[in-house]
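Work through the exercises below with the sequence and the 3D view open. Each task is followed by a solution in steps.

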Amino acid sequence: RISAPLFVVSTVGASLLNKQITAEEKREGWMAPFKADNVNTAEKRKISAELNGLYGIYTEQSVRKEDFHVLIATDTYQGFSTAEALKRFLQAEGLNVLIEKPEGLSTKDTISFERGIKGLVKWCEEIIP
């Protein structure tokens with residue numbers, strides 16, 4: 001059972017951008033159907049791999065407003081755009097969310113990836129007790 005506030009760090013991929021949406025969802029804003037209070041956790045988990053992981057922490061409980069969520073984005077337009085969309089969604093749910101984008105973190109090449117991971121490790125050492 002979860003009792004103390006959680007500090008949750010989630011990586012952000014591209015599954016959200018690859019989601020197939022209907023024409024109606026495009027007109028309404030594709031995440032609009034999932035913002036309703038009556039949409040259960042299982043349905044929200046289907047939106048993307050990132051939300052599946054995050055909501056998986058809570059099992060079937062409601063998300064908790066006292067928890068703090070950090071989204072780790074790649075240092076790319078696609079990575080940051082995905083993280084921004086997730087951040088807006090989670091903030092609309094009432095969650096505390098911030099995006100961390102380690103400089104250079106991308107899968108463009110091994111050197112960029114290693115540099116970005118080193119930045120992420122340094123950030124973790126500074127932030128996480």
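The model is a predicted one, in which local features need pLDDT of at least 70 and side-chain atom pairs count only at pLDDT 80 or more, while totals for chains, interfaces and linings use all residues. Residues are numbered from 1 along each chain as its sequence is written, and side-chain values use heavy atoms, with hydrogens and water left out.

**Exercise 1. Overview**

Step 1. Helices (H or I, at least four residues) and strands (E, at least two) are DSSP runs, numbered from the N terminus.
Step 2. Buried means under 20% relative accessible area, exposed over 50%, and partly exposed in between (1.4 Å probe, protein chains only). Of the 129 residues, 35% count as buried.

**Exercise 2. The strand β1**

Describe the two faces of β1 and its pairing with β2.

Step 1. In a regular strand the side chains alternate between the two faces of the sheet.
Step 2. In β1 (residues 7–11), V8 and S10 make up the covered face, while F7, V9 and T11 make up the uncovered one.
Step 3. Two strands pair if DSSP finds at least two bridges between them. β1 and β2 (residues 68–72) pair in the parallel sense over 5 bridges, and F68 in β2 is the bridge partner of F7.
Step 4. F7 counts as partly exposed because its relative accessibility is 37%.

**Exercise 3. The nonpolar core**

Which residues touch the most other members of the largest nonpolar core?

Step 1. A nonpolar core is a set of buried Ala, Val, Leu, Ile, Met, Phe, Trp, Tyr and Cys residues joined through side-chain atoms within 4.5 Å.
Step 2. The largest such core has 18 residues, and L51, Y55, L71, L86, F89 and L90 touch the most other members.
Step 3. At least two residues of this core come from each of α3 (49–57), α4 (77–92) and β3 (96–100); the largest share, 5 residues, is from α4.
Step 4. Contact means heavy atoms within 4.5 Å. Leaving aside neighbours within four places in sequence, L90 is in contact with L51, L54, Y55, L71, L95 and V97.
Step 5. Another core, of 5 residues, lies apart from this one, and V70, L105, L120 and W123 are among its members.

**Exercise 4. Salt bridges**

How many salt bridges does a search of the whole structure find?

Step 1. A salt bridge is a side-chain nitrogen of Lys or Arg within 4 Å of a carboxyl oxygen of Asp or Glu. The search finds 2 of them.
Step 2. One joins K101 and D75, with the closest N and O atoms 3.6 Å apart. K101 lies in the loop between β3 and α5 (110–127) and D75 in the loop between β2 and α4, so the pair ties together parts 26 residues apart in sequence.
Step 3. E84 forms a salt bridge with R88, and here the closest N and O atoms are 3.9 Å apart. E84 and R88 both lie in helix α4, 4 residues apart, about one turn of the helix.
Step 4. E84 counts as partly exposed because its relative accessibility is 22%.
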